[in-house]
Amino acid sequence: MCAAGSALLARITRDAFHFRFHLGGNFQHGSLAGNSTRGPAERVKSMFYHAYNNYLENAFPYDELRPLTCDGQDTWGRYCADLRFSVLTLWILGNVSEFQRVVNVLQEGVDFDIDVNASVFETNIRVVGGLLSAHLLSKRAGVEVEAGWPCSGPLLRMAEEVARKLLPAFWTPTGMPYGTVNLLHGVNPGETPVTCTAGVGTFIVEFATLSHLTGDPVFEDVARKALKALWKNRSEIGLVGNHIDVAAAKWVAQDAGIGAGVDSYFEYLVKGAILLQDEELMSMFLKYNKAIRNYTKFDDWYLWVQMYKGTVSMPVFQSLEAYWPGLQSLIGDIDHAMRTFLNYYTVWKQFGGLPEFYNIPQGYTVEKREGYPLRPELIESAMYLYRATRNPTLLELGRDAVESIEKISKVDCGFATIKDLRDHRLDNRMESFFLAETVKYLYLLFDPDNFIHNNGSNFDVVLTPYGECILGAGGYIFNTEAHPIDPAALHCCRKRKEEQWEVEDLMREFYSLKRSKKFTFKQTLDQRDGETQKDSAETTSEDNGGGMNSEKNRKRRIPLLSCSSQPFNSKLAVLGQVFLDNT
Amino acid sequence: RHIGPSASPVDRAKDVTMPAKLPVNFFSSGSPVTDFFQGQLDYAERIRQDSEVTFYFFYAPWCGQSITVREEIEQVARRLSDQVLFVAINCWWNQGKCRKQKHFFYFPVIYLYHRRFGPIEYKGPMNAAYIEKFVRRVMTPLLYISSRSKLLEFLSDYEPGVLGYFEFNASPQPPGYLTFFTSALHSLKKDYLGTIHFGVITNQQIAKEIPLTHSGSIYLHRHVNTSLIYPREVMNYTAENICKWALENREAFIHWLRPHGGKSLLLNNELKKGPALLLFIPFNPLAESYPLLDEITKVALEYNRCNKNQATEPAVPHLKETDSSPLESRMPDVHTPLAETFSITKYPCCNTVVLPQWYSISRTHNVCELCVNQTVGVKQSKVNLPQCNFLEIEAALDSFYLKEHTFFQVVSNTIECSNFLSYYSPFSYYTACCRTINRGLMSFISSEKTFFQTPKAAFSSHAKKCKVDTHSIPHIEDRNCLIPGSHIGGTNITGLSCRTNKTLNLYLLDSNLSWIYAERLGASQAIHTKEFAAIVDLQDEAHYIMDQNQALIKSTLGKVFSGAPITGG
């Protein structure tokens with residue numbers, strides 16, 4: 001949650017995105033839904049369709065369904081948010097035909113040359129991320145793609161167009177972006193320079209993907225610059241606050257933690273490192289991780305501390321923080337991940353959901369923060385950890401989540417946000433992340449054979465005009481809105497673009513043309529390629545001269561991007577059993 | 001992550017909220033469980049007054065665990081509803097009395113009351129058999145010992161037993177009886193698995209067997225250590241004290257591990273005590289008898305029985321004369337003087353090992369001659385061992401490879417010897433003499449190897465089971481060798497735990513509840529009997545599993561204790 005962005009987001013006007021869309025009422029999902037005896041995955045599926053059909057029937061073309069009054073409301077400016085954000089869930093649930101239809105509608109094009117203020121962060125993770133993901137998955141779903149796919153395509157062009165509208169926000173003295181940008185005029189004069197940390201550091205996954213696919217490095221460059229600026233401004237004890245003045249590089253909110261305002265910054269350091277095989281990003285994260293453990297971790301809980309002094313400022317667990325165990329599992333720290341997960345699970349068991357804030361010493365909710373808007377984070381962590389451990393406790397959480405959501409929040413017209421976990425009063429909202437993320441992660445937890453869990457054992461060979469590419473081999477990186485990105489595509493297009501430029505360069509030299517802007521791009525790109533290739537080859541540190549300045553002289557046996565082997569006791573760390581560090 | 005978009009249009013529908021749905025029946029109307037789904041704790045308390053034993057099931061209707069356990073409770077209730085009052089209370093409904101008075105951090109919660117005594121919270125496994133067993137314990141906390149055979153049965157149980165002797169010749173009840181009875185209930189509060197049994201003797205003759213002479217005296221039976229009499233003159237005679245005394249002084253040579261599923265350090269704490277033998281057996285808490293468990297108990301007792309305590313069993317030898325008791329086999333042969341047992345025999349049993357090279361280009365090899373030295377020949381005369389036992393060499397190799405790194409440094413033309421202790425076997429140590437030789441000498445090595453294969457050939461029937469390629473350099477990873485059946489039969493393990501530094505702790509796990517741990521340790525799913533044994537050594541990061549084709553019986557268990565090599569892992 002990023003407070004600076006949320007108020008501004010609402011300014012998106014109703015007509016921000018026009019597009020026509022006719023639907024013939026209720027979507028038929030055949031025999032798959034409604035049959036709750038076919039295992040938990042089927043139960044999740046019918047949950048999805050209960051919400052999706054009710055949205056189409058009662059709320060479309062508004063953004064969100066209001067489940068208590070059975071109508072719709074706009075939270076995004078009639079962007080049909082629920083429809084758009086849930087399109088990828090449709091596909092993961094195996095509903096290819098509905099996916100195709102929605103993708104075709106998206107391809108009809110949206111006019112982004114409009115005078116509206118948009119949250120840079122939200123637009124990136126939802127619109128850019130969603131378009132990129134739909135673009136990369138469209139072929140597999142049977143949508144007809146053009147010849148240059150995955151390095152070109154209408155959805156990719158749309159993503160690029162939207163991302164370009166966000167670029168003016170990055171033109172600050174520090175390289176850290178403003179929170180809000182006007183899609184037509186750029187940053188408004190008088191715009192507040194205060195942005196939350198996550199709003200600065202949550203671009204690398206989408207922007208680097210965009211750069212690799214289109215060949216224009218500007219996106220990845222601005223994203224990296226923003227990340228480095230945050231890194232430079234961390235406190236002496238290695239922590240970051242949760243809001244920063246992007247012009248003056250001053251911390252405005254100095255509470256350091258892993259939750260609201262910061263969360264996806266850490267998430268993107270790890271996911272960016274994996275996606276790009278980038279050791280620098282990973283080493284940044286590992287250093288943060290160490291500081292976080294030193295100062296904020298108490299008995300497997302993570303508290304909020306003052307970023308300069310390290311003193312505890314808020315002994316609170318936030319619902320949003322529940323992504324952390326999943327992130328730890330991505331770096332192979334299963335042991336700590338499980339221990340923290342089990343703590344969070346006890347909170348779920350106490351209330352049937354996770355309150356926005358939970359006071360750890362008091363063991364109860366915090367005033368005005370008692371709601372549970374059916375957030376995905378704990379389920380997301382359960383999904384990752386289940387992939388890593390097959391620990392049945394994680395399925396139990398999934399099952400608890402299904403029971404809770406059905407028993408507490410299911411109403412005739414959908415699923416309602418739990419306004420207060422103490423008495424389970426319901427609110428007239430169904431947030432878009434419920435369909436886009438919560439249901440998706442729940443389904444993936446219960447569906448071990450989903451292609452998303454592909455371990456590389458199968459893949460597609462795609463013929464592009466420039467050569468063969470291997471795609472869909474697994475290792476999908478979810479952006480923070482649960483839109484999967486195929487890392488293989490990045491590699492595929494990078495190769496291609498390089499060759500293309502080589503040809504172009506040859507042509508230019510041949511005609512003795514002046515250096516163009518593109519040519520400088522090429523050079524920077526080449527440099528980076530050199531580094532990344534070295535990294536991905538997992539060479540040891542002997543002469544890794546390039547990017548790793550401070551690491552240069554230090555001996556490092558284990559490559560940063562590999563997971564260390566699990567400790568011996570991890571064999572027995574199932575069903576709630578945890579082991580203390582051997583040190 | 002989520003910047004919560006707050007809608008700007010002023011809209012009344014925005015403020016619409018809906019109270020939680022009204023609670024409905026959680027148990028069906030025909031159920032033997034009385035369901036107060038509106039949380040009427042006051043009614044529940046009222047109807048409890050008329051019942052001797054009451055079972056409370058506090059649930060939350062949205063809770064997955066409550067929903068799962070519901071069926072188990074119904075099962076128990078169907079069997080016991082004529083003697084026990086089963087009450088379910090929705091303790092989530094925020095307008096109910098229960099929610100207002102109780103503050104639970106998890107659901108479901110099970111409370112038991114024996115008349116006014118309670119609540120006794122049940123924290124054991126949430127399945128019908130275990131719950132029923134516990135309810136039965138609350139119904140009958142004291143076992144009435146009416147005869148000598150009942151006494152024997154009571155004392156032979158592997159779980160600790162507390163006996164009280166009370167003369168019921170006068171009404172009202174003898175002094176102290178109620179306290180004793182309450183202490184039995186009290187113990188169920190502290191020890192929810194109900195491992196301590198409480199019995200009461202009313203017959204003077206039977207009491208003398210123990211021996212207890214005064215009415216009101218209480219006795220804690222122990223198998224290995226001396227049994228105790230409750231020190232009334234030192235400690236006040238209260239239910240809490242008796243219970244505390246029994247819990248503190250009970251013997252624990254055999255532990256049940258029943259992980260409850262919540263976050264717990266149970267395995268961490270137990271396994272950090274040292275190498276552990278984990279035995280997985282299917283256990284039905286309601287069964288009449290446990291033959292397999294009895295076998296295991298015998299082995300464990302023998303293993304734990306140290307010499308100093310062997311003669312200190314006041315009641316049992318006396319009983320043994322008159323009764324062909326099941327305790328008989330527990331009494332070890334103590335006629336052989338200790339010194340004889342420790343006679344040192346030395347016989348040659350060696351194998352040559354060529355250490356794997358760090359660098360394959362290296363022109364030299366470290367070659368070690370590995371010998372087994374028996375320091376403590378345990379009943380050699382009885383066992384009739386051949387001179388060089390293939391299994392022993394296997395065990396020696398295991399230990400050797402674990403220490404391998406210490407031999408890599410050796411670059412010497414002279415022979416250097418070192419001794420090291422074997423793992424889990426107190427009987428022997430190994431000697432390894434190593435030196436560095438040139439490649440030119442390799443032919444010599446291979447001829448040596450054939451020489452040492454000869455004893456192996458003698459045991460071809462066993463060797464067949466092992467996937468050891470004798471022609472390549474043996475290495476621990478290459479081997480996958482199971483215990484051949486009954487090879488070291490008759491190994492005596494009496495008092496073994498006292499004689500060795502590496503003591504094995506014995507743990508039992510119910511394979512119906514905890515089979516996942518067996519699977520994680522390598523139990524095969526193909527085998528239908530859910531019996532499995534493994535030694536886990538957390539410190540050395542090693543675990544050994546027993547061949548699942550072998551039945552878990554006394555002789556094989558004895559082998560496990562005495563350190564026969566089992567499959568390394």
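Chain A of this predicted model contains 19 helices and 23 strands. Of the 583 residues in chain A, 64% are buried.

**The interface between chains A and B**

The size of an interface is often given as the accessible area lost when the parts come together. For chain A and chain B, the buried area is about 5400 Å². Carbon and sulfur atoms give 56% of that area. A:Phe568, A:Leu572 and A:Gln577 together supply 14% of the area that chain A buries against chain B, more than any other three residues. The contact takes 83 residues from chain A and 52 residues from chain B.

Polar contact is present in 22 residue pairs between chain A and chain B, counting pairs with both residues at pLDDT 80 or more. On the side of chain A that touches chain B, helix H16 of chain A (residues 392-409) provides the largest share, with 10 residues. By class, that side of chain A has 29 nonpolar, 23 polar and 31 charged residues.

The count of salt bridges between the two chains is 1. B:Lys263 and A:Asp300 form a salt bridge, and their closest N and O atoms are 2.8 Å apart.

**A:Asp300**

Phi of A:Asp300 is near 70°, which is a positive value in a residue other than glycine. A:Asp300 sits in the loop of chain A between strand S9 (297-298) and strand S10 (301-302). Is A:Asp300 buried or exposed? A:Asp300 counts as buried because its relative accessible area is 5%, under the 20% limit.

**The annotated position A:Thr480**

The UniProt record, an unreviewed entry, places the feature "binding site" at A:Thr480. In chain A, the loop between strand S22 (477-478) and strand S23 (484-485) holds A:Thr480. A:Thr480 has a relative accessible area of 0% and is therefore buried. The side chain of A:Thr480 makes a polar contact of 3.0 Å with the side chain of A:Glu267.

**Backbone geometry in chain B**

| Peptide bond | Geometry | Omega |
|---|---|---|
| B:Gly118 to B:Pro119 | cis | near -5° |
| B:Ile210 to B:Pro211 | cis | about 5° |

B:Pro211 lies in the loop between helix H7 (204-209) and strand S10 (218-221) of chain B.

Chain B also has a positive phi at B:Arg115, a residue other than glycine, where the value is near 50°. B:Arg115 is placed in the loop between strand S5 (109-114) and S6 of chain B.

Definitions and conventions:
Residues are numbered from 1 along each chain as its sequence is written. Chains are lettered from A and ligands numbered from 1 in the order in which they are written. Side-chain values use heavy atoms; hydrogens and water are left out. UniProt positions are given in the numbering used here, feature names are shortened, and annotations may be inferred rather than shown by experiment. Helices (H or I, at least four residues) and strands (E, at least two) are DSSP runs, numbered from the N terminus. Buried means under 20% relative accessible area, exposed over 50%, partly exposed in between (1.4 Å probe, protein chains only). A polar contact is a pair of N or O atoms within 3.5 Å; within protein, one must be able to donate a hydrogen and the other to accept it, and residues adjacent in sequence count only if both atoms are side-chain atoms. Contact means heavy atoms within 4.5 Å. Buried area is the accessible area (1.4 Å probe) that two parts lose on being put together, summed over both. A salt bridge is a side-chain nitrogen of Lys or Arg within 4 Å of a carboxyl oxygen of Asp or Glu. Ala, Val, Leu, Ile, Met, Phe, Trp, Tyr, Cys and Pro count as nonpolar, Asp, Glu, Lys and Arg as charged, and the others, Gly among them, as polar.
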